[in-house]
Amino acid sequence: MNHLEVWKKTRESLRKKQPTHAYSTWFEPISSIGLNNGELVLEVPNQFFFEWIQSHYKNVIQNEVNSLSPRPLIIKYTVSPEGAIKNVFTENFESSKKTNVAQAKHPRLNIKYNFVSFIEGENNQFAKAAALNVADMPGQQAFNPLIIYGGVGMGKTHLLHAIGNAVFNETPNKKVVCASSEKFTLEFISSIQKNRTADFSKSYRNADILLIDDIQFFQGKEQTQEQFFHTFNELFQAGKQIVMTADRYPGEMIGLQDRLLSRFKSGLAVDIQPPDFETRVAIVMEKAEKNGLKLPYDIIELIGTHIKKSVRDLESTIIRLLAHSSLSNKEIDYDLAKKVIKERLGSRVISDLTVEDIVRRVSETTHIKERDIVGASRKMEIAEARQISIYLCREILGTPLVSIGMHFGGRDHSTVLHACRVIGNKSKKDQRVGALVGELKNELSFAIN
Ligand code: ADP
Ligand code: MG
């Protein structure tokens, strides 16, 4: 039997044993691409699919194959390439290197994170343009260093790797070095312990393009910053490109040395905002399609309306939908979608939302105690958290000024009005306040009836 026959038989037999829905979702899309030295290589459509198979159907498939093949076969999975690169996933990653299906892939870059798969919207246009520019011509002064900043799940890592993948594939002679700042830190510490700091430095300093993810983790780590500072300078002076991501505007990072910050200022900092509604819809459509999930437009819109915070949230909503539908063996309909969205949002609907909820949420986000928020302190951060809470109560709940005043330590209505105005203005002018208010608003104001 050749591999195609083995898989065909396996599939036929699975079709009989598995529920129709599970079969069409999880087995039909798999194809066999080779049999070599007792290894059957199966291709799956995407990484999520691969993970799902690993955790749910690995043994089912293995047993079925074994019962049909004259000799036991080892099953390996490869994720269908978006570009030309094949990536073989096996249980033991090391052994994947030996299979001839595996091809050049940067060990630290995720090939799924490329420019093609990055969906553009108003929220990320500028960041993407800057990233493309850097990938095209690394090392130009105006874009060096490039810092991409924004909240969690906005696509910062995606863009960082997209730059790396583009350079890695198009100019293989350029050395791409990529690490998270945590990894950089850990490697640095371990190099000290092993007396190998010289090797450590070398591995970073011979980069043509250095990609460092989440530099906020450098905060407060003096020695690592020192080390990074030297790496940075050396590369920068040699005209090498440096790209970094951060969870906020670098100038706002506490615990980063000034001299590091002033180095960062010489380049370009671009932000990624949360996706707007149209972009969210585009993302849902694209991600659903990639996962082989057909969704009617009303469901796409439902997701886009309620899942607002990040692209990661949108993605995981789709994954949950897939999982739900496959586990319960049901088609995805509006009710199922609603259920999954509610689960994701913690089923808090607007009618349940109270002033206390808002204060609690502001307290969790700002780390200022609830009793301080409603108390009398005039300390700046406390007063600001209070004003933000007041503003949100007015905006989201529409609570009357007088009754908001009562909740916040018996303040009169003009104080409440003043707070609303202050935050209204600040959230337009002050990026930090704007982002904070935006995030809280997004999180608190949903209603699914
Ligand atoms: P961050 O680093 O900002 O926290 P990630 O880059 O890890 O976010 O993105 C989270 C997930 O969302 C990833 O799977 C990524 O591929 C996806 N994603 C984010 N932005 C986009 C986008 N504009 N288009 C397509 N996928 C995106
Ligand atoms: Mg990231």
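A residue counts as near a molecule if one of its heavy atoms lies within 4 Å of it. By that rule 17 residues surround ligand 1, and the closest are Ile119, Gly153, Thr157, His158 and Lys287. This is a predicted model, where local features need pLDDT of at least 70, side-chain atom pairs count only at pLDDT 80 or more, and totals for chains, interfaces and linings use all residues. Residues are numbered from 1 along each chain as its sequence is written, chains are lettered from A and ligands numbered from 1 in the order in which they are written, and side-chain values use heavy atoms, without hydrogens and water.

What holds polar atoms close to ligand 1? A polar side-chain atom of Thr157 lies 2.7 Å from an oxygen atom of ligand 1, and a backbone N or O atom of Gly155 lies 3.0 Å from an oxygen atom of ligand 1.

Now for helix H1, residues 3-17. Helices are DSSP runs (H or I, at least four residues), numbered from the N terminus. The buried residues of H1 are His3, Val6, Trp7, Thr10, Ser13 and Leu14, where buried means under 20% relative accessible area and exposed over 50% (1.4 Å probe, protein chains only). They share one side of H1 because they cover an arc of only 130 degrees around the axis, taken from the directions from the helix axis to the C-beta atoms. Exposed Lys8 and Lys16 sit on the face of H1 turned away from its buried side.

Terms used. A polar contact is a pair of N or O atoms within 3.5 Å; within protein, one must be able to donate a hydrogen and the other to accept it, and residues adjacent in sequence count only if both atoms are side-chain atoms. Helices (H or I, at least four residues) and strands (E, at least two) are DSSP runs, numbered from the N terminus. The expected span of a helix is 1.5 Å times one less than its number of residues.
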